[in-house]
Amino acid sequence: EIALQSYPFLVFLCGWTWKAATIGLFGAMLLHAAVWQTLHPNMHELPDPPISYGVPGWSLAWLRKTRYFRFLYANHEGHHRVPGAHGNYNVCFPLADHVFGTYAGYVPAKEKAFA
């Protein structure tokens with residue numbers, strides 16, 4: 001829904017063509033799916049989703065060993081530790097939580113051996 005609401009912003013305010021906005025939107029959705037499928041199941045110690053679920057979980061597996069992943073993991077821990085899990089919703093791009101006012105604060109990750 002939010003992705004569709006970005007069309008007027010990209011087209012009218014940024015001056016993008018409908019074609020460029022569509023390509024940008026689908027590119028962003030593909031990137032988000034790849035990061036999500038790679039990081040989120042791993043955060044919960046689940047196996048990588050296969051290609052039959054969309055973007056395969058191994059597609060960006062190298063991200064799991066980066067500081068970026070450790071930051072995302074710690075941020076996501078906050079989502080599960082906040083009462084009712086109300087906050088830190090965006091696993092892949094936490095800036096969205098700041099923009100939409102759902103950032104619950106930084107909660108350090110529990111000790112975990114990153115795979």
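A residue counts as buried when its relative accessible area is under 20%, as exposed when it is over 50%, and as partly exposed in between (1.4 Å probe, protein chains only). Keep those cut-offs at hand for the walk that follows.

The model is predicted, so local features need pLDDT of at least 70 and side-chain atom pairs count only at pLDDT 80 or more, while totals for chains, interfaces and linings use all residues. Residues are numbered from 1 along each chain as its sequence is written, and side-chain values use heavy atoms, with hydrogens and water left out.

Start with the overall plan. The protein chain has 4 helices and 0 strands. Here helices (H or I, at least four residues) and strands (E, at least two) are DSSP runs, numbered from the N terminus. Read from that end, the elements run α-α-α-α. The chain has 115 residues, and 37% of them count as buried. Now look at contacts, meaning heavy atoms within 4.5 Å. Take the contacts with a separation of 6 or more: residues 24 or more positions apart account for 47% of them.

Next comes a pair of helices. Two packed helices are described by the angle between their axes and the distance between the axes. For helix 2 and helix 3, the angle is about 55° and the axes are 11 Å apart. The axes are lines fitted to C-alpha atoms, for helices over the stretch in contact, and angles run from 0 to 180 degrees between N-to-C directions. Angles under 35 degrees count as roughly parallel, over 145 as roughly antiparallel, 65 to 115 as roughly perpendicular and the rest as oblique. Helix 2 and helix 3 are therefore oblique to each other.

Their crossing is right-handed.

Which residues of helix 2 and helix 3 meet? Helix 2 brings Leu-39, His-40, Asn-42 and Met-43, and helix 3 brings Phe-69, Leu-72, Tyr-73 and His-76. By type, the residues of this contact are 5 nonpolar, 3 polar and no charged. In this count Ala, Val, Leu, Ile, Met, Phe, Trp, Tyr, Cys and Pro are nonpolar, Asp, Glu, Lys and Arg are charged, and the others, Gly among them, are polar.

Follow the chain into the loop between helix 2 and helix 3, where His-44 is found. His-44 is partly exposed, at 33% relative accessible area. Beyond its neighbours within four places in sequence, His-44 is in contact with His-76 and His-80. Its C-alpha atom lies 9.7 Å from that of Tyr-73, 29 residues apart along the chain.

Glu-45 is in that loop too. Is Glu-45 buried or exposed? At 63% relative accessibility, Glu-45 counts as exposed. Its backbone deserves a look as well. Most residues other than glycine have a negative phi. Phi of Glu-45 is near 55°, a positive value.

The structure holds 1 salt bridge. It joins the side chains of Asp-48 and Arg-64, at 2.3 Å from N to O. Both residues lie in the loop between helix 2 (18–43) and helix 3 (67–81), so the pair ties together parts that are 16 residues apart in sequence. Asp-48 is partly exposed at 30%, whereas Arg-64 is buried at 8%.

Move on to the loop between helix 3 and helix 4 (95–99), the place of Val-91. Val-91 is buried, with a relative accessible area of 2%. Leaving aside neighbours within four places in sequence, its contacts are Trp-36, His-40, Met-43, Leu-72 and His-76. Val-91 and His-40 are 51 residues apart along the chain, yet their C-alpha atoms are separated by 7.1 Å.

End with Thr-102, in the segment after helix 4. Thr-102 is partly exposed, at 25%. Not counting residues up to four places away in sequence, Thr-102 touches Gly-87, Asn-88, Tyr-89 and Asp-97. Thr-102 and Gly-87 are 15 residues apart in sequence and 4.8 Å apart in space, C-alpha to C-alpha.

Definitions and conventions
A salt bridge is a side-chain nitrogen of Lys or Arg within 4 Å of a carboxyl oxygen of Asp or Glu. A crossing is left-handed if the near helix is turned anticlockwise from the far one by less than a right angle, and right-handed if clockwise.
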